[in-house]
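Open the model in your viewer and keep the selection panel at hand. The tour goes from the whole chain to single residues.

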Amino acid sequence: MNYNRCFHCGNKLIPSTADMKISYEELVVEVQDAPCEKCSYCSRISFGDEVYGTVERFMETMKPKGISGTVMNYYENIAKGIAEDQ
């Protein structure tokens with residue numbers, strides 16, 4: 001499998017950012033500006049496993065606080081929050 005190609009049309013993927021909505025157990029969070037790869041032809045978006053893992057770890061820290069339906073910026077809130085916890 002070529003990860004530098006769009007799974008839908010086969011054209012080149014380019015680094016980009018996009019918003020994503022994630023549901024994790026009872027939590028729902030909209031993540032702004034998450035890193036992704038976007039197809040240069042059909043504009044399909046693909047988020048990497050690292051992004052999903054980072055968001056999931058962040059949401060696990062939010063679960064005890066009962067936070068849901070929140071909008072977070074990936075770089076300002078999520079990735080930074082995970083880095084500070086380690």
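**Whole chain**

Begin with the contacts in the protein chain that have a separation of 6 or more: 55% of them join residues 24 or more positions apart. Keep in mind that this is a predicted model.

Now color by secondary structure. The protein chain has 2 helices and 4 strands. Trace them from the N terminus: the order is β-β-β-α-β-α.

Switch to a surface view. The protein chain exposes about 5,800 Å². Carbon and sulfur atoms supply 46% of that area. Of the 86 residues in the protein chain, 30% are buried.

**The core**

In soluble globular proteins, nonpolar side chains tend to be buried together. Here, the largest nonpolar core has 18 residues. Select M20, V31 and V55, the residues with the most contacts inside this core. β1 (13-24), β2 (27-39), α1 (49-62) and α2 (74-85) each supply at least two residues of the core.

Center on V31. Which residues does V31 contact, leaving aside neighbours within four places in sequence? They are A18, D19, M20, V55, M72, Y74 and I78.

**Strand β4**

Next, select residues 70-73, which form strand β4. Pick V71 within this strand. Is V71 buried or partly exposed? V71 counts as partly exposed, because its relative accessibility is 47%, between the 20% and 50% cut-offs.

Show what V71 touches. Beyond residues up to four places away in sequence, V71 touches E30 and Q32. Finish with a C-alpha to C-alpha distance from V71 to E30: 4.7 Å in space, across 41 residues in sequence.

Conventions. Residues numbered from 1 in each chain as written. Predicted model: local features only at pLDDT ≥ 70, side-chain atom pairs only at ≥ 80, totals over all residues. Heavy atoms only, no water. Core = buried A, V, L, I, M, F, W, Y, C linked by side-chain atoms within 4.5 Å. Buried < 20%, exposed > 50% of the residue type's maximum accessible area, 1.4 Å probe, protein only. Contact = heavy atoms within 4.5 Å. Areas by Shrake-Rupley, 256 points an atom, 1.4 Å probe, with all protein chains shown as cover.
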